Amino acid sequence: MWQSRFKDVRSITGSASAAVLCTILTQHLSSRQSEVYSEMVCWVLLPFLFTTSKPSNVSTFTRETLHSNPRIHVAYSISLWIVAAGVATACCYKAEIGVIGLFVGFSQKMKNWTLLTNYYQPILTPLLLIAEKHLRSELQASKGLDSWFFYPLANTIWGTALASSVPIFILSEWDLLDFSLSIILVASLLVVYVALIPKSIEDSRFLPLIKVEDDIIPLSSRIVVILVLALSVQTVAFGFPRIGIISTLLLGFMKAFSWYCMIRTVCCPLSTQRDIEDADGFSRLDTPLAIATFSMSATRDPFMLSSEIQALSQVVASFLSLGQIVHMLPKQAKSRSILWTFILVSLVPYLANIFAIKFAQSSALSFDHSQEHPIEALIHNAKADFEHLLQRQSKNYTTACEQYRLRYHAEPPPGFGAWYAFAAENQSPVIDEFDMIFNSISPFWKLSGKEVVQVMTDVQNVPNVDLWLCTFSGDSGKTRCSHPSRNFDRHIELLFDTLLGDLRGLLPDVKFLVNHLDEPRVLTPPQALQRGKLKFTDLTRRSSWDEITKYCASQRSAEAVEYFGLPFVTNLSTAMDLCQHAEYSAMHGILMSPTSFRLIEGLVPILSTGSLSTMGDLLFPSPAYIESEFRYDEAHDIEWEKKENKLYWAGSTTGGFVQNDSWRNYHRQRFVKLAQNLERKQHSYIRERDGAVVREKSSFLNSRLFDIAFTRTFQCERRYCRDQRMYFNFKSWADKDRALRSRLVFDIDGNGISGRYYKLLASKSVPLKQTLFREWHDERLVPWFHYIPVSQSMEEVPELAFYLTSTEAGQKRAKEIAEQGRKWYSRAFRDVDLSIYTYRLLLELARVQDPKRKANDTSVRQT
Ligand SMILES: *[C@@H]1O[C@H](CO)[C@@H](O)[C@H](O)[C@H]1NC(C)=O
Ligand SMILES: *[C@@H]1O[C@H](CO)[C@@H](O)[C@H](O)[C@H]1NC(C)=O
Ligand SMILES: *[C@@H]1O[C@H](CO)[C@@H](O)[C@H](O)[C@H]1NC(C)=O
């Protein structure tokens, strides 16, 4: 009799190997979308697996005792429900972690719970050992050390805790909230695993009383009932899922089979004292946990990890957990060392990744010596552009006035002399470069001063127009703003008081409308239609493209001003021009589904922080730029040499409101998708081969060069928030100054302009900026000299990141641009520079609204 059981013990290697294999496959197939569905398939299938295989003939308590004793019967039934709830909770938790929105890791797509396993593992393993010791007193005296290293790791409470803590200490970014929430999962899994502990009826004071192996049918039916409930809730909350039926069935089958193998491994019958002694204190309960840890750490794709340490510790973690598995099996288990071959599952991808990175780096070398990279040429030209910008500024008042007349065929506005004195006194490096102010103001010359004031009043009286009407008082220098329904002005008053507070007596009283929304407001019709009535269109949450491009003279798609097929930005105004890029209509949140876009069509002066190429808002510096949260503080910055050599971005899913699947094409989502290489699409690289510069395509993206993630989802309907959480790899939290620890920092539009830009520009890192919004500062920044411009498609980002981090010349250029941007920021972006700009804007505004001015009278000189 005992011989047959002993055979079971030996064949345990087989079921353990099968369990490992199945969990690895389950990991590869798993998707959070289908987690609950596949779990249900799994529990429907499991009873068949158990009944078709030979049922175990050993039970620690018999059904007769169970039914004859009413107290035990009730406890038994409760146990069943508790274990079933444990399984279902763990499953739903894994599926919906994204819904809680806090569990986020650096794991693969849709496997966000890897991090979590690393949390619950160390708690769960020692807890289980404690439970097991209580339940199986015979196990307490374990003996025999077959391996001095792995024995404690596999068989003592502290050893297992230590082994499982390794992944945490190396991998996790501690987050207390995540940690406390994971207790839900720990508790549910503990219940399930305790149910696996073989126990005798004397221990019945401990729930759960059931033995999964024997009670599989009543247990499965309960689990299925709970899962059906969970699925109904899920469907009501998020709508019908879009999952592949075949893959869900396959996954369910894989899950069932891994449960089956796991239970076979754990519940391999050991009942005689002899067996137990032979089995060398076989503590089998942790095996499923070790298997789970192993399969999770081994299947995490090193090609997705942004740090070398993470990738290496991944291998270390799988090595340790594999060691645990091997040494948790009884010594008699036949050739259990064979399990070590599974280390290849994590080792092979790791080595392949190392090789791919080394190969990419080797191709960087050639650019350092022989050929000039196309980016070099762009940077070289930018230097000349900047020198030209500095040189052409007027050096005295006479030339400043001449410049004004020359550029605009008009007299400078009244008060221009005082403005010039103010600018010169404050050493403004820019004197003449204010074309944007002129271009947006000049259409109003067609109206008389009285009409301009009238239109502002009229607009402010339109219901729900949501604009602030501000008045700058020339005597006090103070600005007061009012809104028909709002109280908080998002620091608009504060901004004007900060910038203009010292300008008492230099300006007349000026009225202006300010848009506090992130999106721009004004569409100026072409001249012929300009005197028509104002038209209000609410473009919120719908495509705005047709409306805001309707006055384009012609619409074209991108022309090929490209380098080797890569869309490096060579001319910023062309790159931002909607009329020249019909393809943008499906590439940016504001064009696809803006969060709040109240378009006003007609001639009305409104100040906005950013505007689109076709729109006519007057631009003013964003109040964000003077808020402390967005200000640069040198104390939080570090030297270039100490910065990580990678590209960083973290932020939320703002940019557009999500109410259908088109979020995949919003600008931020496209960026994160690209940088996390979630689609594994072909990227273009520029390489030197046999002395010639050529384009090469490859799906390889060196993830070590990117630290990019969403931290929050919002502006989306519940279902699509969930989809996004499941699709992207999230970071739970990011410090605002975390960006400054990387050499390259990305800056991308949100709903409107990005308020963090000045912090990045002022820092010792180099900003890569992607934007569709014009801003007040556009004329004083030189792309490729002060920052690196990025196209809307962002297809050049892989090559940009590669060149600037991995080649010697690229690193040198990146550092230079970081320094040039920083230096220029301290010269041309001081508060007083913002004052000089705003002062000049108000001068022009004062002139157009001067009640004495007649229509078309601007002292425009005929040329
Ligand atoms: C102003 O500068 C220009 C050249 O930049 C010079 O020719 C002119 O004489 C200067 N005018 C005065 C009044 O200094
Ligand atoms: C998605 O919603 C946007 C508005 O948010 C709409 O313009 C677009 O046509 C919708 N796309 C699909 C595929 O339904
Ligand atoms: C960009 O292109 C426009 C024409 O599309 C041209 O007028 C402008 O000068 C160019 N800008 C630069 C900086 O080359």
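Modeller: Happy to. For ligand surroundings, a residue is near a molecule if one of its heavy atoms lies within 4 Å of it. Keep in mind that this is a predicted model.

Colleague: How much of ligand 2 does the protein bury?

Modeller: The protein buries 49% of the 360 Å² that ligand 2 exposes when taken alone.

Colleague: OK, over to ligand 1. Which residues are around ligand 1?

Modeller: Asn396, Thr398 and Thr399. The side chain of asparagine 396 has an N or O atom 2.4 Å from an oxygen atom of ligand 1. On its own, ligand 1 has 360 Å² of accessible area, and the protein covers 30% of it.

Colleague: What surrounds ligand 3?

Modeller: Ligand 3 has Asn571, Ser573 and Thr574 around it. An N or O atom in the side chain of threonine 574 is 3.4 Å from an oxygen atom of ligand 3. For this ligand, the protein covers 28% of an accessible area of 360 Å².

Colleague: Thanks, now the helices. How do H2 and H13 pack?

Modeller: H2 spans residues 12-29 and H13 spans residues 287-299; their axes are 9 Å apart, at an angle of about 45 degrees. That angle makes H2 oblique to H13. The handedness of their crossing is right-handed.

Colleague: Which residues of H2 and H13 make the contact?

Modeller: From H2 there are Ala16, Ala19, Val20, Thr23, Ile24, Gln27 and His28. H13 brings Ile291, Phe294, Ser295, Met296 and Thr299.

Colleague: And H13 with H14, is that crossing left-handed or right-handed?

Modeller: Left-handed. H14 covers residues 308-328, and the axes of H13 and H14 come within 8 Å, crossing at roughly 155 degrees. Angles over 145 degrees count as roughly antiparallel, so H13 and H14 are roughly antiparallel to each other. Among the residues that meet there are Ala290, Ile291 and Phe294 in H13 and Ala317, Leu322 and Ile325 in H14.

Colleague: What about H16 and H29, at what angle do they cross?

Modeller: Roughly 20 degrees, with the axes of H16 (residues 374-391) and H29 (residues 808-828) coming within 11 Å. The two helices are therefore roughly parallel to each other, and H16 passes H29 in a left-handed crossing. The contact involves Glu376, Ile379, Phe386, Leu389 and Leu390 of H16. On the H29 side it involves Ala809, Arg813, Ile817, Trp824 and Arg827.

Colleague: Last one: where is proline 783?

Modeller: Proline 783 sits in the loop between strand S14 (766-770) and strand S15 (788-789). Setting aside neighbours within four places in sequence, proline 783 contacts Ala382, Leu572 and Pro789.

Colleague: And how far is its C-alpha atom from that of threonine 570?

Modeller: The C-alpha atoms of proline 783 and threonine 570 are separated by 8.6 Å, while the two residues are 213 residues apart along the chain.

Notes: Residues are numbered from 1 along each chain as its sequence is written. Chains are lettered from A and ligands numbered from 1 in the order in which they are written. This is a predicted model: local features need pLDDT of at least 70, side-chain atom pairs count only at pLDDT 80 or more; totals for chains, interfaces and linings use all residues. Side-chain values use heavy atoms; hydrogens and water are left out. A polar contact is a pair of N or O atoms within 3.5 Å; within protein, one must be able to donate a hydrogen and the other to accept it, and residues adjacent in sequence count only if both atoms are side-chain atoms. Accessible areas come from the Shrake-Rupley method with a 1.4 Å probe; for residues, only the protein chains shown count as cover. Axes are lines fitted to C-alpha atoms, for helices over the stretch in contact, and angles run from 0 to 180 degrees between N-to-C directions. Helices (H or I, at least four residues) and strands (E, at least two) are DSSP runs, numbered from the N terminus. Angles under 35 degrees count as roughly parallel, over 145 as roughly antiparallel, 65 to 115 as roughly perpendicular and the rest as oblique. A crossing is left-handed if the near helix is turned anticlockwise from the far one by less than a right angle, and right-handed if clockwise. Contact means heavy atoms within 4.5 Å.
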